[in-house]
Every structure is written in structure tokens, then in C-alpha cells.
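I opened this entry to go through one structure step by step. My notes follow the order in which I looked things up.

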Amino acid sequence: MTELLSPKYKINVVSKAFSEESKKRFKCPYCTDGYLRLVKGPYSDFYACSTGFGCPVGKARVCEKCHSPSIDTRNESVCNNSLCGCKIKICPECGRPMKIRNGQYGDFWGCTGYGIKDDQCKVTIKVKAGL
């Protein structure tokens, strides 16, 4: 598909999916040829690189706000859509999203895996002032 879109063939595609912004949003951040495509998984949807199993991106999350690919970094998952900019904190232990909870000693980040019966994660992180 990428070859057909090159200037060599003089094909004019009039679709939002082929706009520069859209191509940038779905471009795989780890390889040169791949684009992230939506996969309907048995438990949840995710994005995977179109090049197959050789790319280190593995799975990318679906952004909660705009449904674009969200790429995991060390401590957070960042939306690939520059117009969205959504970030979610992820658990350093299990990789699940974290959310702010209120406890006896104030607010803290708690892993969303806490309530899962067979695979419980109890990681908590203090909320820093100003966050």
C-alpha cells in the first residue's frame, strides 16, 4: 500500500485515513515500515504492528479519549495522537492502568488489578503534590 501511495504512481487517494496526520498517528514508533492496526481481542481491543511478530511494539493500548494507539513508556502510556495528548499512569509491576484512590492517609495511585481475584496486584504509589 505504501508503495502505491508514492509519487511514482501518481495516485490521488482522497481519504482521511491517508492524510499526513493520520499516517503519523498510526505509524509504528519502533520500525520503519509498519503501521499500527486495531485488533479485536477476546478480552479487549489493542493495536498491533502491521509488519507481524518481528516488531518490538507488541501490543499498544487504545486511548480512552480518542481511540488512537497509546504507546507504553516506562511509567505511562502516551496517546500517539498529537491532538489528544492523553496519558495514563501504568503499574510498574504488572503493566495495568493505575487510578487515583483515596485512603486513610490521603490520595494514592493504586493498580486497577487490585480487585482481580486470581491475579491480584497490590502496588500503590504516593501521589506527589501538584499531580
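These entries go from the overall fold to rings, charges, the core and the cysteines.

**Overall fold.** I am working with a predicted model. I looked up the secondary structure of the protein chain and found one helix and nine strands. Read from the N terminus, the order is α-β-β-β-β-β-β-β-β-β. I then checked burial: 25% of the 131 residues are buried. The accessible surface comes to about 9700 Å², and carbon and sulfur atoms hold 53% of that. For contacts between residues at least 6 apart in sequence, I noted that 20% join residues at least 24 apart.

**Aromatic rings.** How many aromatic pairs does the structure hold? I found one. Phe 26 and Tyr 47 form the pair, with 5.9 Å from centre to centre. Their planes are at 45°, so I logged the pair as tilted. The pair links distant parts of the chain, 21 residues apart. Phe 26 belongs to helix 1 (residues 20-26), and Tyr 47 to strand 2 (residues 45-49). Are the two partners buried or exposed? Phe 26 is partly exposed, at 22% relative accessible area. Tyr 47 has 5% relative accessibility and counts as buried.

**Charges over rings.** I looked up lysines next. The charged end of Lys 59 sits over the ring of Phe 46, 4.6 Å from the ring centre. I found a further case at Trp 109: the charged end of Lys 89 sits over that ring, 5.8 Å from its centre.

**Nonpolar core.** Which residues make up the largest nonpolar core? I listed eight: Cys 28, Leu 36, Tyr 47, Cys 49, Cys 55, Val 57, Ala 60 and Ile 71. Tyr 47 of the aromatic pair is thus one of the core residues. In soluble globular proteins, nonpolar side chains tend to be buried together. I followed Cys 49 from this list. Leaving out residues up to four places away in sequence, Cys 49 touches core members including Cys 28, Leu 36, Cys 55 and Val 57. Cys 49 also touches Cys 31, Gly 34, Tyr 35, Arg 37 and Gly 58.

**Cysteines.** The search gave zero. For Cys 91, the nearest cysteine sulfur is that of Cys 121, 3.7 Å away. A disulfide needs the sulfurs within 2.5 Å, so Cys 91 is in none. I also checked cysteine burial. Cys 91 is buried, with a relative accessible area of 4%. Cys 28 counts as buried too, at 3% relative accessibility.

Note on methods. Residues numbered from 1 in each chain as written. Predicted model: local features only at pLDDT ≥ 70, side-chain atom pairs only at ≥ 80, totals over all residues. Heavy atoms only, no water. Helix = DSSP H or I, 4+ residues; strand = E, 2+ residues; numbered from the N terminus. Buried < 20%, exposed > 50% of the residue type's maximum accessible area, 1.4 Å probe, protein only. Contact = heavy atoms within 4.5 Å. Areas by Shrake-Rupley, 256 points an atom, 1.4 Å probe, with all protein chains shown as cover. Phe/Tyr/Trp six-rings, centres within 6.5 Å; stacked < 30°, edge-to-face > 60°. Lys NZ or Arg CZ within 6 Å of the ring centre and 35° of its normal. Core = buried A, V, L, I, M, F, W, Y, C linked by side-chain atoms within 4.5 Å.
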